[in-house]
Every structure is written in structure tokens, then in C-alpha cells.
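Subject: Structure handover

Hi,

Here is the structure I promised to pass on. Have a look at it first, and then read my notes below.

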Amino acid sequence: MSITVLRPFIPSGKDFGLALQFFRDLGFQTNWQADGLAELQLGAAIFILQDFHNQEMQENLMIYAGVDDLDAWWRHIQSSGVLERYPGVRAKEPTVYPWGKREVHLIDPAGVCWHFA
């Protein structure tokens, strides 16, 4: 027995439209959208953006995403304009962490921390 697909539901925070545009600006494509849900995809990574807001949960949610080239992904984040355009969005440059991974941390508009490695 094995799991073949995992598609987490990620909260959008207070503004679903803003969060949707944020991920589009990062390069995610919208596969479908309906009634406060949107399936977003970039490469093989797929998640469901959900029109849901719970600040405490969002600020404690972390998502891990593997990328082919971390330095290129960091440059992409910087050049996308999301760090300047979206309130509360921030990122930390590639850093080696005590758990042995080199990662970029990106806080999305809802407060979710994305670990890109």
C-alpha cells in the first residue's frame, strides 16, 4: 500500500483573491477555481488554495517544497516582485539550517511559511 498523491489545502488568509494572485505571480498555474477553492500547480507540486482564515493556524503552518535549483528559485522570488507587492510577505535567503538542509523561507500573505529546498 502507498500514497500516490498528496494535495494539501492551504489557507488563503483574509483575502482569497490576493493570495491567489500572489501564487500566480510566483508562477503557479490555476488548474481550476470554484467557490473559494483553487487548485494551483507549479511543476509536479499541486495544492488547493482554500478561502479560509485562522491566523493562529496559518502562522503555525509550514509547507516543504523541493526545487531543482535553490539559488535560481531565490532569484525568481526576488524578481517576481512579491516581496515588495504583498503586505506581510517576507523571505529569507538560502540558509543552511541545523537539520542539514539549505532552504529559502517564504512567508505568504496568510502567514504560512514555505520551506523551499
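What percentage of the 117 residues in the chain is buried? Buried residues make up 40% of them, where buried means under 20% relative accessible area, exposed over 50% and partly exposed in between, with a 1.4 Å probe and protein chains only.

Before you dig in, some background. This is a predicted model, so to speak of local features takes a pLDDT of at least 70, side-chain atom pairs count only at pLDDT 80 or more, and totals for chains, interfaces and linings use all residues. Residues are numbered from 1 along each chain as its sequence is written, and side-chain values use heavy atoms, with hydrogens and water left out.

Now the overall picture. The chain has four helices and eight strands; these are DSSP runs (H or I, at least four residues, for helices; E, at least two, for strands), numbered from the N terminus. Along the sequence the pattern reads β-α-β-β-β-α-β-α-α-β-β-β. The C-alpha trace spans about 45 × 40 × 25 Å along its principal axes. The radius of gyration is 14 Å, which agrees with the value near 13 Å that a compact globule of 117 residues would have (taken over C-alpha atoms; the globule rule is 2.2 Å times the number of residues to the power 0.38).

As for contacts (heavy atoms within 4.5 Å), take those with a separation of 6 or more: 50% of them come from residues 24 or more positions apart.

Next, the strands. Two strands pair if DSSP finds at least two bridges between them. E4 (residues 45–50) pairs with E1 (residues 9–11) in the parallel sense over three bridges, and there isoleucine 10 has leucine 49 as its bridge partner. E4 also pairs with E3 (residues 37–42), this time in the antiparallel sense over six bridges.

Is glycine 43 buried or exposed? It counts as exposed, because its relative accessibility is 59%. The C-alpha atom of glycine 43 is separated by 9.3 Å from that of glutamine 29, 14 residues apart along the chain.

Cheers
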